[in-house]
Amino acid sequence: MDKRLLIAVILIGALAGLIFYLYRNVYLPMKPTFGRSTRLVEWIRDPAAHQEWSIKAGTRCAPDTPFLLPTDGLVGYLWNDSFQAGKRHQGIDVFGGTEVGKTPIVSAYPGYLTRVSSWKSAVIIRVPDDPLQAGRQIWLYYTHMADPSGNSFISSDFPPGTIEKYVEAGTLLGYQGNYTGNAANPSGVHLHFSIVLDDGQGGFRNELDIRNTLDPSPYLGLLLNAGQSDGNVIVCGN
Ligand SMILES: [Zn+2]
């Protein structure tokens with residue numbers, strides 16, 4: 001074979017391999033997220049026109065669903081969504097469609113609330129007995145409850161430094177905000193809710209790593225296959 005032809009064949013093969021790799025590892029994982037972002041823009045633009053898309057704080061998807069839905073709004077993103085190549089979402093995001101400080105957030109399940117002294121926008125609640133896996137301790141993490149400058153919307157019942165304060169399901173924790181830690185780059189107004197695994201020593205693991213978290217959808221009774229479909233509104237699965 002002609003040497004140049006051989007080089008051309010190798011290059012074309014390498015290019016095809018690269019395209020296939022990017023398709024499988026970048027495009028496909030992010031595809032559902034693109035679809036959800038489109039839906040989210042529609043919601044934020046006019047929530048009143050799409051009230052049927054909203055979940056309702058303090059209600060249950062079904063009588064046997066372990067967790068209460070923790071806030072009102074559109075479930076914009078799910079666990080394992082990919083916003084950025086190689087990064088996976090560690091929880092679910094619910095967008096109230098309101099200004100900051102307006103949409104209430106309630107405890108999804110009873111437990112013991114801690115707010116680390118430096119936390120402006122987050123609380124974490126220890127659940128000694130996982131309702132879907134008896135005997136396992138889990139932690140429920142609620143965040144973005146502050147404005148871009150870090151003014152907190154967390155209930156005054158839970159000041160910074162709160163440790164192990166018992167709360168019932170349905171207790172008001174605070175209000176949705178858009179705090180990210182970078183005042184110049186706030187998020188949309190939402191709640192990020194995640195289930196964090198225990199570290200085995202009475203603490204919680206780093207919630208920023210998806211491997212330390214569980215999919216909240218089965219606990220909330222949300223549509224289980226929503227991760228595969230970019231067209232559906234994520235609502236109760238029953
Ligand atoms: Zn999130």
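A residue counts as buried when its relative accessible area is under 20%, as exposed when that area is over 50%, and as partly exposed in between, using a 1.4 Å probe and protein chains only. With that in hand, here are some friendly notes.

1. What you are looking at. This is a predicted model, in which local features need pLDDT of at least 70 and side-chain atom pairs count only at pLDDT 80 or more, while totals for chains, interfaces and linings use all residues. Residues are numbered from 1 along each chain as its sequence is written, and side-chain values use heavy atoms, leaving out hydrogens and water.

2. The zinc ion. Which residues hold the zinc ion? His89 (NE2), Asp93 (OD), Asp93 (OD) again and His192 (ND1) coordinate the zinc ion, at 2.0 to 2.8 Å. Donors here are N, O and S atoms within 2.8 Å of the metal (3.2 Å for Na, K and Ca); water is not among the atoms, so sites may look incomplete.

3. Its geometry. The four donor atoms subtend angles of 51 to 155° around the zinc ion, so the arrangement is irregular. For four donors, tetrahedral needs all angles between 85 and 135 degrees; four count as square planar and six as octahedral if opposite donors are over 155 degrees apart and all others between 65 and 115; anything else is irregular.

4. The site along the chain. The donor residues follow the spacing H-x3-D-x98-H. Asp93 is in strand β3 (residues 92-95) and His192 in strand β10 (residues 190-197), so this pair ties together parts 99 residues apart in sequence. Strands (E, at least two residues) and helices (H or I, at least four) are DSSP runs, numbered from the N terminus. Asp93 is buried at 6% relative accessible area, and His192 is buried at 5%.

5. Aromatic pairs. Rings of Phe, Tyr and Trp (its six-membered ring) pair if their centres lie within 6.5 Å; planes under 30 degrees apart are stacked, over 60 edge-to-face, and the rest tilted. By this rule there are eleven aromatic pairs. One of them joins Phe67 and Tyr219, with centres 5.1 Å apart and planes at 35°, so this pair is tilted. Phe67 sits in the loop between β1 (54-55) and β2 (73-77), and Tyr219 in helix α2 (residues 217-220), 152 residues apart. Phe67 is buried at 0% relative accessibility.

6. A cluster. Phe67, Tyr109, Tyr142, Phe193 and Tyr219 form one aromatic cluster. Both Tyr142 and Phe193 are buried.
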